[in-house]
Amino acid sequence: MDERYSYKTPGHAALRRGRVSLSNTAYLITATSENREPVFTHFPAASSVARRFEDATLLRESRMLAWVLMPDHAHWLLQLGETDSLGDVIGRLKSASSRHTNRTLNRTGPLWSKAFHDHALRKEEDLQAVARYIVANPLRAGLVKRIGDYPFWNAIWL
């Protein structure tokens, strides 16, 4: 097996260590494209991925509170539902977006790296402040001067 895809890679194991799926908890998630390829600079690819982030059939009883798609990664603020694990929800988002985007780009292979980083928000953390931080990523990266000029983000508070 190609070592890049092995779950035995120390970095991947460290990301999963201690991961707990808590019902009705908000999580800040970061997922990177495979090999940090800037595939989401391609507008049709980014559009295809963005549509999946708000697909209720993928989220099921979980809620996407905010998200931003950057050239080589995505950030999600996701509130987990009652039954699905965090890994299940993220797996569906990554799988569906890979399938549709590969079709859009007429390509095959992984779109996302296998691992993802998660942070369960504590009760005292302000969801709207975290959402503002997420959607401001394109500003901090220098991709735009105004967030309204960046097409690939959303938050339920708008």
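Predicted model: local features only at pLDDT ≥ 70, side-chain atom pairs only at ≥ 80, totals over all residues.

Trainee: What order do the elements run in, from the N terminus on?

Mentor: They go α-β-α-α-β-β-α-β-α-α-β.

Trainee: And how confident is the predictor, what does pLDDT average?

Mentor: The average is 89, and 88% of the residues score at least 70. Over residues 1-9, though, pLDDT is below 50, and that stretch has 13 contacts in the model beyond near neighbours in sequence. Residues 11-16 also stay under 50, with 11 contacts beyond four places in sequence.

Trainee: OK, switching to packing. How much of the protein counts as buried?

Mentor: 45% of its 158 residues. The accessible surface comes to about 8600 Å², with 54% of that belonging to carbon and sulfur atoms. As for contacts between residues at least 6 apart in sequence, 69% join residues at least 24 apart.

Trainee: Now Ser98. Where is its place?

Mentor: In helix α4, which covers residues 86-105.

Trainee: Buried or exposed?

Mentor: Ser98 counts as buried because its relative accessibility is 14%, and the cut-off for buried is under 20%.

Trainee: What lies 2.8 Å from a polar atom of the Ser98 side chain?

Mentor: The backbone oxygen of Lys94.

Trainee: And leaving aside neighbours within four places in sequence, which residues is Ser98 in contact with?

Mentor: Leu111 and Trp112.

How values were computed
Residues numbered from 1 in each chain as written. Heavy atoms only, no water. Helix = DSSP H or I, 4+ residues; strand = E, 2+ residues; numbered from the N terminus. Buried < 20%, exposed > 50% of the residue type's maximum accessible area, 1.4 Å probe, protein only. Polar contact = N/O pair within 3.5 Å; in protein donor to acceptor, adjacent residues only side chain to side chain. Contact = heavy atoms within 4.5 Å. pLDDT = per-residue confidence, 0-100. Areas by Shrake-Rupley, 256 points an atom, 1.4 Å probe, with all protein chains shown as cover.
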